[in-house]
Structure formats: C-alpha cells, structure tokens
Amino acid sequence: MASIEISNAVKSYGAVDVLHGIDLDIQDGEFIVLVGPSGCGKSTLLRMIAGLEDITSGAISIGGTVVNELQPKDRDIAMVFQSYALYPHMSVAENMSYALTLRKTAKEKIADAITNVAEILGLTALLERRPKALSGGQRQRVAMGRAIVRKPQAFLFDEPLSNLDARLREQMRTEIRKLHRRLGATSVYVTHDQIEAMTMADRIVAMHDGIIQQVGSPVEIYDRPANIFVASFIGSPAMNFLKGAYEIAQNDTTGIRLTDGSFVPVLPARGATANQTVTLGARPEHIALVPDGNGGIPARVELIEPMGLSTLVHVSLAGNPVKIFTLDRPDFAVDSFIHIAFDMEKVHVFDTQTELRLPPESEPHMARTA
Amino acid sequence: MNVSGNSPARKLVYWGSHYLMIGAFVVFALFPLYWLLKVSVTPNDILYTEGVRMWPSRTTWENYFFVLTQSNFPHYFLNSVIVAGTTAIVTTMVAAVTGYSFSRFAFRGKMIIVALMLITQMFPLVMLIAPIFKILAPLGLTDSLTGLIIVYTAFNVPFATFLMQSFFDGIPKDLEEAAMIDGNTRFQAFRRIILPLTLPGVAATLGFVFTAAWSELLFALMLVSSESASTFPVGLLSFVSKFSVDFGQMMAAGVLALIPACAFFLLIQRYLVQGLTAGAVKG
Ligand SMILES: Nc1ncnc2c1ncn2[C@@H]1O[C@H](COP(=O)(O)OP(=O)(O)O)[C@@H](O)[C@H]1O
Ligand SMILES: [Mg+2]
C-alpha cells in the first residue's frame with residue numbers, strides 16, 4: 001500500500017489540453033472517488049496513474065517514487081476496467097493467477113491466494129470456467145479478484161459497475177467498500193455516478209473539463225459545494241437554482257430578490273455586495289411547503305411525483321422550475337397555487353459571474369477549492 | 001424468422017428451393033474440379049475417342065504413376081511447397097506486427113504508409129515485371145526460390161496487413177492494457193494475450209497468402225528460367241509440348257497439386273470458420 005501524489009499533471013492530445021494542472025494527494029489506504037460528467041478527464045487521469053497514458057507534464061508518484069517513466073508493469077498497481085478485460089482464452093483461475101505467474105510466485109502460494117480470494121468473492125465454484133460462460137456480475141467479481149490476488153500498492157477502478165443492473169450495482173457498491181475496509185488498500189475509483197461517489201468515497205474529487213473543482217468528504221461536498229457545477233452535479237434530485245439580486249434591507253436582514261419580486265432571506269454571504277447578481281441554490285429538501293401560506297412565497301404546482309418514501313413536488317417559481325422534496329403526502333392538485341419557504345440556514349448563495357459559492361459569514365474559512 | 005408461413009407445403013417449397021439453389025451453386029463451383037479428376041483417370045487412348053462422357057468406360061492410375069515417377073513434377077511440387085510455405089509464414093508474421101501497430105498506435109506518417117500500401121495494390125503486376133527483374137538480376141535473385149519468396153512476400157504484405165489489422169481491431173485494447181498492468185511488456189501482452197485471440201485471423205491470412213503464392217504463375221514464369229527453380233504452375237506448362245498437350249498427365253499433376261492446399265485448409269479450417277463467422281457477426 002502506498003500514497004499517491006499528483007502534482008501539476010497536464011495531459012494534452014496534440015493542441016488539445018484534456019487535463020489542466022491536476023494537483024492531488026491521496027493518503028495511504030484512502031478510498032478516493034473521481035467523479036464528473038463524461039469526458040471530463042477522469043479516465044485519462046486514472047490511466048496516467050496506471051502508466052497507460054504518458055504524462056505531458058507534471059509528476060505522479062506512488063509510494064514516494066516518481067513513476068512518470070515507469071512502465072505499467074513496474075508500478076505495482078492493479079486496475080479494474082469497465083469492460084472487465086478478462087482474458088477470454090483463460091479460465092477464471094488462470095485469469096486471476098496470471099499476474100502472480102508472471103512474478104514467478106511459487107505454485108502453492110498462487111493456489112492458496114486463488115482459493116482465498118475465490119472464497120471472499122464467492123467464485124470457488126467457477127474457477128474452471130471461461131469468462132464467456134459467466135454472467136455480468138460474475139465477470140465483475142473475477143475482475144475484482146484478479147486485482148485483489150496481487151496485493152498491489154494501489155487499486156484503480158474505471159467505472160467498474162456501470163455495466164451492471166441497478167440492484168447488482170448497489171450490492172457491489174457495498175461489497176467493494178467492505179473489501180476496502182478489509183484490505184485497507186489505497187484506491188482510486190472513477191465514476192460518473194454521483195451516488196457511487198457519495199456512498200463509497202472517503203474523499204470525493206469532483207472534476208469538470210479537466211480541472212478539479214473540489215476535493216472533500218462526501219458530506220463536505222454535499223453541504224458546502226465550492227461552486228455551481230459541484231452543487232448541481234452532486235445530489236439527486238438536483239439542487240434548484242434561481243437568479244436574483246443580493247439585497248441588504250434596512251433592518252440588516254439579507255436576502256435575494258428573485259426576478260418576480262419575491263424576497264428570499266439568506267444568511268449574510270461573505271464577499272457579496274448589495275445588488276450584486278447572485279444565484280440562489282436550494283436543495284429540494286431545503287424547501288418547505290407552508291400549508292397555511294403564512295410568510296411563504298406563492299408558486300404554481302406543475303407536477304407531483306410520488307417516489308414511495310417521499311414525494312417530489314415540481315413547482316414553477318419566477319418562471320423557473322423548482323423541485324421540492326417532502327415526506328408528507330401532498331393533498332393539492334396540479335395547477336393550484338401553494339406557498340413554499342426556503343430554509344435560510346441551508347440555502348446557498350453563488351456569485352452568478354464566477355459561479356463560486358459565497359459562504360455565510362458565520363462559516364469558518366475552510367472551503368478547499370481548486 | 002417465419003418467412004415460409006406455417007403450412008408444411010410452403011415450408012417444403014421454401015426449404016426445397018433453398019437447398020436447390022445451394023446445390024446448383026456447389027455443382028457449378030465444383031464441376032471443373034470434377035472434370036480435372038475425371039480426365040486425370042481417363043486412359044490416353046480413349047480420351048478423344050469416347051466423346052463427351054461424364055465418366056470414362058475404363059479408368060487408370062497410369063497418369064499419376066507417370067507424373068510421380070517419370071516427370072520433374074515432384075521437384076516442382078517441392079519448390080512450390082518451399083516458396084508458398086515460406087511466403088505464407090513470413091508474410092503473416094510481418095502482417096501481424098504491422099497490422100497490430102496500425103490497429104493500436106497513432107504515429108506520424110501512418111496515413112502516408114497506409115496510402116502507399118494501397119497504391120501498391122492498384123498496379124497490374126505485368127507492369128512491374130521488367131523493373132523487378134532489373135532489380136533482382138544483379139542481386140542474383142532471379143532464377144532462385146529466394147527471389148520468388150521476396151517478391152511474393154512484398155506483394156502480399158499490404159493486403160495481409162489490412163486483413164490482420166481488421167482482426168486486431170476486433171479485440172478490445174483493454175485486454176493488453178490489463179496484461180501490461182498484470183506485469184507484461186507490450187510485446188509480451190501482444191504475444192501471450194492478443195495473438196492467441198487472433199489465431200483465426202492468423203489462419204485466414206496464412207491460408208490466403210499460401211493459396212496466392214501456390215498458384216502464382218506470372219512471376220514464377222518470368223523470373224525463373226531453370227528447371228531446378230521452377231514451381232509447379234510453371235511445371236504444368238511442361239506438359240504442353242510443341243505438338244501436343246498431354247491432358248491426362250497435366251490433370252493428374254493438377255489433382256496432386258490440390259492436395260497440399262486442401263491439407264492446409266483442413267488444418268486451419270477450425271480457426272478459419274471461427275474467424276470468418278466472427279467477422280460476419282460484427283459486420
Ligand atoms: N486518444 C485521445 N485523443 C484525443 N482526445 C482524447 C483521447 N482520449 C481521450 N480524449 C479526450 O479527452 C477527454 C477526456 O476523456 P476521458 O478521460 O476518457 O473522460 P472521462 O473518463 O471523464 O469520461 C475527452 O474529451 C476525450 O475526447
Ligand atoms: Mg471514462
């Protein structure tokens with residue numbers, strides 16, 4: 001096991017920069033999730049760590065050694081591919097033992113390792129099968145097994161669950177987490193699925209357009225997103241955004257005047273000036289339905305989406321679609337007017353220009369941004 | 001699929017015409033071979049006297065006996081085996097590595113090389129005989145099997161390369177990347193993971209090049225003058241003398257010449273079928 005340091009790593013294909021100066025320190029034993037929309041450069045970064053892509057500039061070290069010039073085989077890392085990349089002409093056992101055989105590990109040791117890992121992953125009965133005789137979930141396990149038997153310095157995962165159906169994906173998520181707790185190996189996990197990121201990560205690295213937007217624990221990222229991109233990407237149903245002007249009223253209360261003239265009180269935002277154009281960010285669970293209309297802002301109901309446990313109410317406010325999460329069973333009809341209230345302590349203020357979050361003045365200085 | 005409807009009669013008509021057409025094609029394709037066989041076992045004295053018959057009234061092995069014991073044919077045959085075999089192996093090895101690099105790497109000048117290789121396929125070979133002779137003569141490579149092997153290899157490499165490339169394109173590059181992470185160099189990954197998966201492609205390429213070299217006549221005729229370096233297609237012509245054509249012996253030699261090609265395809269057909277169908281499904 002080892003730490004991984006990435007400093008100012010750049011990747012260009014010809015004139016196109018895909019990664020712009022990535023800095024990231026991954027602690028020994030940490031489970032890091034790189035998350036971001038498709039095409040943002042997650043795989044490229046992972047493949048640079050693996051040695052499958054050249055590093056245009058900057059440095060990557062694993063366990064304190066700069067590996068820029070090392071071949072993948074000399075980096076002592078294991079990788080799980082989205083396609084699993086199992087060797088079709090080898091049995092499950094041969095697939096898993098391939099790396100050990102190449103390292104000239106003693107036969108009995110290999111056999112022990114395979115037996116052990118097969119047991120952990122429930123593959124014991126499948127050891128003699130070829131990959132094509134396995135289901136998707138079983139192949140995924142073999143790919144995991146092939147990585148685990150090696151006891152590498154670090155595990156790299158490139159969207160390993162995206163070819164599984166939803167139920168299996170959920171199950172493997174927990175299993176991978178449990179495995180990580182058991183093995184404690186440094187892991188870098190790439191996904192475009194923010195739920196995977198939230199549920200699995202020690203720390204999330206949110207990426208967009210080849211730039212790290214924010215690094216932090218899942219709760220940090222969720223509660224204190226650095227900018228509009230992170231705020232909108234993390235969380236499902238997604239955060240609501242409403243444009244408006246920052247206002248400081250006579251009695252020193254601060255708030256945002258929406259385009260339809262309604263006023264949403266917010267905590268004083270650091271660095272915000274009066275009449276500055278800002279964006280209000282409110283998660284669906286931070287907007288309440290006000291049954292008696294007392295002090296609420298009126299909004300027209302557009303759609304009511306029952307989700308079992310909860311209900312998602314879609315309303316229109318100042319011409320913007322707004323989603324509201326509620327555990328109640330709403331008794332109003334589509335097209336009726338209801339009153340809603342924003343949780344002043346929880347909503348966010350973003351500078352519309354820079355898209356950066358303007359944290360409440362009461363929040364300690366700590367937001368780590370790129 | 002239910003093209004034929006449900007009634008047994010329509011089904012019969014459907015499948016009947018299906019097999020009829022296949023049968024017609026097979027007969028059409030194999031008839032010359034049948035004729036080859038027929039003439040080869042027809043005794044000389046009744047070849048012209050019996051008229052056109054599907055099978056002679058008497059058969060004989062004497063044409064085969066003559067070809068194998070009295071003619072130079074065994075020698076030509078051996079030459080052809082050497083030339084076609086070596087050409088097939090060398091070409092396929094070159095095509096495998098070139099095809100792999102075309103499939104996997106982006107490098108400067110790649111498009112130019114591909115274009116050049118395509119251009120070589122556009123010239124009628126006849127145009128190139130004179131310059132090739134001029135090049136090979138001072139090197140002492142005319143009238144030699146080595147010269148033929150070099151020329152055949154050069155002519156077959158482009159097509160064989162594209163053929164191999166298409167097979168490599170069908171194999172995900174994740175596989176060799178996984179192997180490289182598992183501890184292989186790229187070349188080891190190529191040899192131990194990718195090549196075994198490309199065996200159908202290798203077989204198809206070997207088969208294609210072998211047949212092409214085995215039946216090549218033009219260069220074999222123009223570049224080689226001595227008996228000792230003649231290949232079997234040239235040897236066949238020796239059954240044509242100024243005054244007559246010895247059809248019986250010629251056909252017997254022809255039948256014998258089919259044997260290695262058939263044996264070769266029998267050997268590789270397992271991979272070949274796999275490869276051709278794999279390609280077919282992928283489209
Ligand atoms: N070989 C390549 N040549 C040119 N551009 C590439 C190449 N590989 C990836 N890219 C580009 O790099 C960007 C990042 O790709 P990738 O790391 O695969 O994204 P992600 O894994 O986040 O979806 C994409 O815009 C992609 O088009
Ligand atoms: Mg990717």
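This report describes chain B of a predicted model.

## Basis of the values

Residues are numbered from 1 along each chain as its sequence is written, and chains are lettered from A in the order in which they are written. In this predicted model, local features need pLDDT of at least 70, side-chain atom pairs count only at pLDDT 80 or more, and totals for chains use all residues, while side-chain values use heavy atoms, without hydrogens and water.

## Fold and extent

Chain B has 13 helices and 0 strands (DSSP runs, with H or I of at least four residues for helices and E of at least two for strands, numbered from the N terminus). Its radius of gyration is 24 Å, well over the 19 Å that the globule rule gives for 283 residues, so chain B is more spread out than a compact globule. That radius is taken over C-alpha atoms, and the rule is 2.2 Å times the number of residues to the power 0.38.

The C-alpha atoms of chain B fill a box of roughly 75 × 75 × 35 Å along the principal axes.

## Burial

Among the 283 residues of chain B, 42% count as buried, meaning under 20% relative accessible area with a 1.4 Å probe, protein chains only.

B:V67 lies in helix 3, residues 62-69. This residue counts as buried because its relative accessibility is 0%.

Beyond its neighbours within four places in sequence, B:V67 is in contact with residues including B:F73, B:P74, B:F239 and B:L256 (heavy atoms within 4.5 Å). The C-alpha atoms of B:V67 and B:M251 are separated by 9.8 Å, and the two residues are 184 residues apart along the chain.

How values were computed. Buried < 20%, exposed > 50% of the residue type's maximum accessible area, 1.4 Å probe, protein only.
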